[in-house]
Amino acid sequence: MSSTERDVDHALAYPEPPASPLWHRHGAQARPLTPQEQRRNRELLDIAQRTTRPRSPRPTETLAEASQ
């Protein structure tokens, strides 16, 4: 048996499902952002990148020490 016959058995392979119709939507395009919306998005992004997220405190002892 060759390596290709061993690697792929087409009789057992499932057929590929049809593509979702949502992938091929040709409806209304999104409207461009206004300069005010662009500025607001830049401000929010800048704030989010500079702000640190609160972290939950980690225990100082290891799991092995805690189980003893």
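The following passage describes the fold, confidence, surface and side-chain contacts of a predicted model.

The protein contains three helices and zero strands, arranged along the sequence as α-α-α. The mean pLDDT of the protein is 76, and 66% of the residues score at least 70. Confidence is lowest in helix α1 (residues 3–7), where the mean is 54, and highest in helix α2 (residues 35–50), where the mean reaches 94. Where pLDDT is low, the predicted coordinates should not be read in detail.

Of the 68 residues, 0% count as buried. The accessible surface of the protein is about 7,700 Å², and carbon and sulfur atoms account for 56% of this area.

Two salt bridges are present in the structure. One of them joins D46 and R50, with the closest N and O atoms 2.2 Å apart. Both D46 and R50 belong to helix α2 and are separated by four residues, about one turn of the helix. D46 is partly exposed, at 33% relative accessibility, whereas R50 is exposed, at 63%. In the other salt bridge, the side chains of E37 and R31 meet at an N to O distance of 2.9 Å. E37 is partly exposed, with a relative accessible area of 27%, and R31 is exposed, with a relative accessible area of 56%.

A polar atom of the T51 side chain lies 2.6 Å from the backbone oxygen of I47. T51 has a relative accessibility of 48% and therefore counts as partly exposed, the cut-off for exposed being over 50%.

Notes:
Residues are numbered from 1 along each chain as its sequence is written. This is a predicted model: local features need pLDDT of at least 70, side-chain atom pairs count only at pLDDT 80 or more; totals for chains, interfaces and linings use all residues. Side-chain values use heavy atoms; hydrogens and water are left out. Helices (H or I, at least four residues) and strands (E, at least two) are DSSP runs, numbered from the N terminus. Buried means under 20% relative accessible area, exposed over 50%, partly exposed in between (1.4 Å probe, protein chains only). Accessible areas come from the Shrake-Rupley method with a 1.4 Å probe; for residues, only the protein chains shown count as cover. pLDDT is the predictor's confidence in each residue, from 0 to 100. A polar contact is a pair of N or O atoms within 3.5 Å; within protein, one must be able to donate a hydrogen and the other to accept it, and residues adjacent in sequence count only if both atoms are side-chain atoms. A salt bridge is a side-chain nitrogen of Lys or Arg within 4 Å of a carboxyl oxygen of Asp or Glu.
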